[in-house]
Each structure stands twice: as C-alpha cells, then as structure tokens.
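Please look over the model shown here. The report below takes up helix packing, domains, backbone features and selected residues.

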Amino acid sequence: MRYFLLIALSTHSFGHNFLSPLATLRSAHSTLSHAFTRRRPYPTIQMEETLRKALAEKQSAVDSQGNAVRALKAAKATKADVDAAIEALNGLKLEKASIEKQLQAAVSGGDGSLSREAFRQTVNNTLERRLFYIPSFKIYRGVAGLYDYGPPGCAVKSNVLGFWRQHFVLEENMLEVDCPCVTPEVVLKASGHVDKFTDLMVKDEKTGTCYRADHLLKDFCNEKLQKDLSITAEKAAELKHVLAVLDDLSSEELGAKIKEYGITAPDTKNPLSDPYPFNLMFQTSIGPSGLSPGYMRPETAQGIFVNFKDLYYYNGNKLPFAAAQIGQAFRNEISPRQGLLRVREFTLAEIEHFVDPENKSHPKFSEVANLEFLMFPREEQMSGHSAKKIPLGEAVSRGIVNNETLGYFIGRVYLFLTRLGIDEDRLRFRQHLANEMAHYAADCWDAEIESSYGWIECVGIADRSAYDLRAHTDKSGVALVAQEKFSEPREVEKLVINPVKKELGLAFKGNQRMVVEALEAMNEKEALEMKATLESKGETEFLVCTLGKNVTITKSMVTISKEIKKEHQRVFTPSVIEPSFGIGRIIYCLYEHSFYTRPSKAGDEQLNVFRFPPLVAPIKCTVFPLVQNQQYEEVAIVISQSLTTAGISHKIDITGTSIGKRYARTDELGVPFAITVDSTSSVTIRERDSKDQIRVDVEQAATVIKEVTDGRTTWADVWSTFPHQSSASADDE
C-alpha cells in the first residue's frame with residue numbers, strides 16, 4: 001500500500017500543477033480562435049512551444065507512472081493497488097494523446113486555422129495576383145532573389161519610407177545623405193567587408209548546386225522541433241542549443257553537424273561538400289581600365305561614416321547628432337529564398353547616431369521609458385525561457401539595455417513598427433548572445449517580427465562603439481574625431497596603448513590588422529592586466545575575437561602606459577548607435593500581419609482582405625457610382641477631383657460591376673475607405689474592416705477622408721458624428 005500512496009500523491013500533485021496551465025492553454029486557444037480568422041490565421045510559435053512543453057511534461061509523467069506500475073508488480077502488490085496504478089497510467093496516456101492531437105493540429109493547421117505554409121501561399125498568391133510584387137524578369141523565368149514591386153507595392157513602400165522619414169529624420173532632426181551604390185574597394189577593406197563579409201557555403205557534390213550551410217542546419221533543427229513529435233526532451237534541448245550557437249560555429253563544426261545529422265542537398269538528396277567561405281559582395285570595377293576595383297555596397301552605413309568629418313562641421317561641431325540614409329544595398333546571396341525576406345537587391349534605411357562615449361544619456365528618453373513590450377534578453381534565451389514584457393525604463397535601469405540612447409532608439413523603433421500595423425504581440429526585441437556580437441560592440445538588439453517563416457530579424461539596433469570611425473581613420477589617415485573644449489586646462493591621466501606594428505606584422509603577417517584592432521579596443525582593466533603580465537612573464541595569451549582564437553603577445557609587441565598630460569580640449573572618437581531597417585522585410589511582415597479572410601455575403605467563398613492602416617495603404621479611398629448613371633458619374637468625378645486636390649490617393653470605378661464585387665476587389669488591395677455615390681446630394685462612406693457606413697454631403701466627403709487618413713480624427717469619431725447607413729442598401733458583399 002505504501003507504493004500506491006506515493007504514486008497517488010505524486011500523480012495528484014502533478015495533475016494539479018499541470019492541468020491548470022493546460023486548461024488555461026485550452027481557454028486561450030478558444031479565445032484566440034476567433035482572432036485567428038482575422039488577424040492570426042495560423043497558430044503562433046508561442047502556442048506551439050507551450051503545447052510542446054506540455055507534451056514533454058506529460059510524457060515525463062507517463063514514464064514515471066509506468067515505472068511505478070512496474071515497481072508495484074515487482075513488489076507483488078495487491079491486485080487493487082496495481083489496477084489503480086494502471087488506471088492512473090491510462091489516464092495520463094489519454095491526456096498525453098489529447099495534447100499530441102492539439103500539437104499536431106497546431107503544426108498542420110488541423111484545428112481549423114491554416115498551416116503556416118498554406119497561409120503563406122494564400123498571401124503570396126494574392127500579392128502576386130494583385131501585383132504588389134512579382135519575380136523580376138518573369139518572362140525569362142526570373143532570377144532567384146530579385147523581385148519587382150508593382151503599383152500597389154510601390155505605393156506601400158513609398159508610404160512606409162515616407163513615414164520613416166517623418167518619424168526619424170524630421171522628428172529627430174537628423175541629417176539625411178544619399179551616397180553612391182558603387183563603393184571603392186579601399187572603403188570596404190577598411191570596414192572589414194572585403195575580408196569578413198562571408199557566409200559558409202556547401203555544394204551538391206553531383207550537380208554543383210550551392211546552398212548556405214547554416215541555413216540547411218537551421219532548417220533541419222527547426223523541422224525536427226516543429227514537426228517531429230517523437231523526439232525526446234534531450235534531443236530537443238540539443239537541437240535548441242545548436243540553434244543558439246549556430247552563428248558561432250566554425251566551418252569544421254558546421255560540417256561535422258551536417259554529417260552527424262545526415263543532411264543532404266534539399267532538391268536531390270545528394271551528399272554535400274564541406275563548408276567553405278563565400279564573399280557576398282557583388283564585385284565590379286570603376287572606370288574602363290579595370291584597375292580601380294569596387295563593389296556594390298552591402299549596406300548604406302559606410303557612406304555616412306566616411307562623411308563624418310563634413311557632417312560634424314555642418315552640425316556646428318556639436319554632438320550628439322544623427323545622420324540617416326535610405327538606399328539600395330546588394331548581397332550576392334548563396335541560395336536566396338523566402339521571397340522578400342532574403343533577396344539580392346534590397347532597400348535599407350539606416351541611422352548612425354554619433355554620441356560621446358562618456359555620456360550616452362538621451363534627453364528624450366523619458367518619452368519612451370514607460371513603453372512596455374516583449375523583450376528577450378540573452379539570459380532568458382540561454383535559460384530556455386520565452387520573451388516577456390518589460391518596461392523599457394526598467395530594462396535600461398537594470399542594465400539589460402546598455403544605455404539610454406540605445407534604449408531610446410529601441411522605443412522609437414517599437415513605435416514606428418506598431419504604427420505601421422505590425423502586431424505588437426508578434427513583435428519582440430531580442431538581445432544578441434555573446435557569440436553573435438562583434439568584439440567592439442557594447443550591446444545589440446534585433447527587432448524580430450513573427451511571420452509564417454518564424455521570427456524574422458527586421459531591424460538591428462546596435463551600439464557599435466567607436467569601431468567604424470577608428471577603422472576609417474586608420475585606413476584613410478584622416479582623423480574622424482570630435483572635440484570637447486575645456487573652459488580651463490586640465491591635467492589628465494591617459495592610458496596609452498601603442499601596438500608595435502613591425503613586430504606584430506612579423507609575427508602575424510596577414511592577421512596583423514585584426515590583432516592591432518583588438519589590442520587598441522582593450523578597456524583599461526584589460527590593458528593594465530596585460531601590462532602586469534608582460535612585465536612579470538614577458539608574454540601573455542590574448543583572445544582576438546575576429547580571429548576566433550588566442551594569440552601570444554610578447555613584451556616587444558605592445559607598450560602600455562599611463563601618462564599625465566595638460567589638455568585644453570578633449571579629442572575623442574565618437575561612439576555610434578546604429579538602427580538599421582530592412583524595408584522589404586518589414587513590408588512583407590506587414591503584408592502577413594494585415595491579411596485575413598472573411599466569408600462573402602452568400603457564404604460561398606472566402607474574400608481576401610489586407611487590413612492596412614490608412615498610413616500605409618496603397619490607395620486611401622475608392623469612389624463608386626452605385627449604378628451606371630450619368631448624374632452619379634458626374635458627382636463621382638467631382639469627388640475624385642476634390643480628393644486629388646487634397647492629395648489623397650484614390651481610385652474611381654464607374655464600371656457596371658455590382659457594388660459588392662467592387663468592394664471585394666478594393667478590400668483585397670487594402671483600401672480603407674470607399675465612397676459610394678447613390679444620390680446627387682449625399683454619399684455613403686464605408687470603412688473596410690467593420691463594413692460600417694455613414695452618410696455625408698457630397699461637399700464633405702473629401703474632407704472627411706482627408707481627416708481620417710491623416711490621423712487628425714478616427715473612424716470611431718466619424719461614426720459618432722454622421723448618420724449611419726445600412727450596408728444592405730448598398731449591396732455589400
């Protein structure tokens with residue numbers, strides 16, 4: 001009997017602790033099911049993770065109860081005790097089967113929602129059919145990773161960039177520049193792109209088709225975690241660890257994992273070569289002689305850095321200040337896929353905010369300090385937890401975010417994305433792990449948006465320290481520095497690190513520059529510890545992050561000292577906070593977050609709708625005469641002229657198609673408002689998502705649309721001001 005009491009207590013305790021979250025999960029699933037039909041047509045990644053954890057816990061309970069049954073039988077317990085224990089085991093198995101069913105439904109879309117793949121296909125079919133974007137050079141079978149934006153896609157992109165300029169360049173008083181796409185090799189040599197801008201590639205050993213090695217390993221791990229319900233908790237933990245350290249794997253380690261997991265070429269299942277580096281930049285030459293090598297820029301930031309001296313002068317030699325640039329960037333992706341998320345030519349919008357490294361406070365931080373949103377600090381990632389909502393002010397005060405200026409831009413990025421229409425519950429800010437950060441970076445966060453492809457990095461917000469300006473200073477010989485003038489001369493003690501480049505060159509040859517950079521980047525504590533070791537032992541081991549290994553530094557290779565100097569001014573290299581926006585990625589995620597379907601009036605088909613906010617909608621308004629009637633058409637033309645004068649993008653449709661079909665066509669383009677002319681004195685204005693309609697005088701129609709689309713008023717305010725109109729009278733869908 002003693003055995004059974006222990007089992008019963010154990011089972012009761014486990015059941016009490018587990019069934020509550022399971023019940024909560026079911027309740028949440030039920031609550032969200034309606035929302036999915038409009039906003040989340042596929043289960044979220046977090047829901048899948050919750051179910052997977054619940055399944056692992058229930059499997060553990062089944063295993064424990066199974067062991068208990070075997071122990072009872074071995075101890076020759078009474079039949080009643082054994083039967084009761086078996087009954088408890090069967091109950092646990094039923095609960096496990098129920099969770100498996102829910103998880104399988106979540107993965108495959110069998111719960112009434114679409115699977116991620118089916119949802120993605122529906123969205124992409126709609127985007128291509130309505131010409132938001134199409135494969136470039138389509139009549140020649142296209143080129144992977146190149147896409148054309150059609151008329152509505154161009155309008156959405158223009159609106160997103162227009163709001164970016166308003167939200168950042170204008171509101172933050174930034175200096176905007178426009179630099180060439182073709183960049184001389186020397187610039188990208190100094191920045192490190194020529195030597196380091198590589199991805200590891202593998203080839204199909206029979207066909208020669210190339211693949212990005214880390215993507216193959218990432219896809220394998222995600223596929224197992226998301227679709228293989230039979231993997232053990234230990235195997236799942238191993239796969240998650242591989243994903244966590246993926247960016248830190250050497251070519252040898254990456255190749256070993258590919259072989260260990262038996263990963264083959266996706267298309268042919270042929271064996272793969274060992275991974276080797278491939279530089280992603282498009283190379284070109286400047287001028288007819290071909291003697292001046294260059295590259296198509298892989299980012300827009302370098303144009304800002306090399307212009308720092310002139311921009312600093314333009315700003316009155318004052319810090320802080322920010323420079324911004326919108327432009328095309330080019331990366332020769334190994335095996336581009338995922339549509340607009342990974343392409344070979346794309347639009348970047350980048351900001352370089354130059355700040356005194358000794359004062360990274362921000363005067364406007366209080367404006368964003370109370371924002372609370374999903375944050376994913378590295379400690380939470382390493383411990384296997386999920387992102388959680390943290391007030392931004394708390395994250396900065398606790399040191400989770402390195403400084404106020406970095407925190408301020410994280411808050412501004414959050415406001416930018418959510419105002420565009422990104423779902424705040426599917427937006428998180430993930431801190432880079434230690435193995436992801438460059439040795440010079442103080443902190444780095446990615447704004448990641450959940451899409452049908454998983455969590456996608458769309459904005460990087462990094463404190464890059466003073467690395468970039470120092471690199472261009474060293475290579476060009478032009479000092480890219482700022483000054484702080486003192487009212488009275490000061491005696492200051494300065495740490496001086498002088499790498500002996502001749503000795504380092506003899507010892508490290510082609511790696512000399514990386515060793516020099518690492519030595520110069522040492523903080524005071526590291527430098528003084530090295531000085532003490534060199535004086536006592538004559539040599540020391542020193543980690544060079546960019547080489548990924550320790551090197552031996554001898555006393556002859558570097559001098560480290562502290563000197564007292566009288567200074568009239570402080571000359572320093574500014575640090576830079578860099579928010580970098582992948583515009584195409586943001587737009588694609590916006591498409592997915594805005595897309596939903598709803599039944600037609602007859603209930604015989606599902607109609608596609610893009611729920612774009614007026615801010616980014618490609619067309620703000622449509623004008624429809626209810627029927628073909630000359631007087632109605634004349635009124636429609638007058639309203640169209642008023643909308644044009646007000647600067648509102650719109651479309652007029654005087655075809656004889658039923659008004660319901662015309663509504664459906666424009667809903668699929670994401671048009672937020674429709675004006676229907678059904679008399680010569682007044683018209684109806686219909687809102688896309690609610691399908692509610694109001695009646696206004698003809699003369700007021702353009703003004704009402706202008707105020708709502710400009711954000712000066714809301715549809716709720718308009719709805720409470722004007723008479724309502726029954727949708728049935730307008731033959732809605």
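## Helices H17 and H18

In this predicted model, Lys501, Leu504, Gly505 and Phe508 of H17 touch Gln512, Val515, Val516 and Leu519 of H18. Contact means heavy atoms within 4.5 Å. By class, the contact of H17 with H18 holds 5 nonpolar, 2 polar and 1 charged residues. Ala, Val, Leu, Ile, Met, Phe, Trp, Tyr, Cys and Pro count as nonpolar; Asp, Glu, Lys and Arg count as charged; the others, Gly among them, count as polar.

H17 spans residues 501-508 and H18 spans residues 512-520. Their axes are 9 Å apart, at an angle of about 130°. H17 is therefore oblique to H18. Angles under 35 degrees count as roughly parallel, over 145 as roughly antiparallel, 65 to 115 as roughly perpendicular and the rest as oblique. Axes are lines fitted to C-alpha atoms, for helices over the stretch in contact, and angles run from 0 to 180 degrees between N-to-C directions. The crossing of H17 and H18 is right-handed. A crossing is right-handed if the near helix is turned clockwise from the far one by less than a right angle, and left-handed if anticlockwise.

## Basis of the model

Residues are numbered from 1 along each chain as its sequence is written, and side-chain values use heavy atoms, with hydrogens and water left out. The model is predicted: local features need pLDDT of at least 70, side-chain atom pairs count only at pLDDT 80 or more, and totals for chains, interfaces and linings use all residues. Helices (H or I, at least four residues) and strands (E, at least two) are DSSP runs, numbered from the N terminus.

## Helices H8 and H9

H8 covers residues 213-227 and H9 covers residues 233-244. Their axes come within 10 Å and cross at roughly 150°. H8 and H9 are therefore roughly antiparallel. The crossing is left-handed.

From H8, Leu217, Lys218, Phe220, Cys221, Asn222, Lys224 and Leu225 take part in the contact. They meet Ala236, Leu239, Lys240, Val242 and Leu243 of H9. The contact of H8 with H9 divides into 8 nonpolar, 1 polar and 3 charged residues.

## Domains

The protein chain is assigned domain 1 (488-568) and domain 2 (619-725). These bounds come from an automatic or database domain assignment. The centres of domain 1 and domain 2, taken over C-alpha atoms, are separated by 69 Å.

## Backbone features

Leucine 319 and proline 320 are joined by a cis peptide bond, with omega about -5°. Proline 320 sits in the loop between helix H12 (308-314) and strand E10 (321-330).

Leucine 131 is not a glycine, yet has a positive phi of about 65°. The residue lies in the loop between helix H4 (116-129) and strand E1 (133-135). Leucine 131 is partly exposed, at 36% relative accessible area. Buried means under 20% relative accessible area, exposed over 50%, partly exposed in between (1.4 Å probe, protein chains only). Serine 465 also has a positive phi, near 55°. Its place is the loop between strand E16 (454-463) and helix H16 (467-476). Serine 465 is partly exposed, at 23%.

## Buried residues

Phenylalanine 132 is in the loop between H4 and E1. Its relative accessibility is 0%, so phenylalanine 132 counts as buried. Its C-alpha atom is 6.6 Å from that of proline 151, 19 residues apart along the chain.

Threonine 666 belongs to helix H22 (residues 659-667). Threonine 666 is buried, with 7% relative accessible area. Leaving aside neighbours within four places in sequence, threonine 666 contacts Thr622, Phe624 and Val671.
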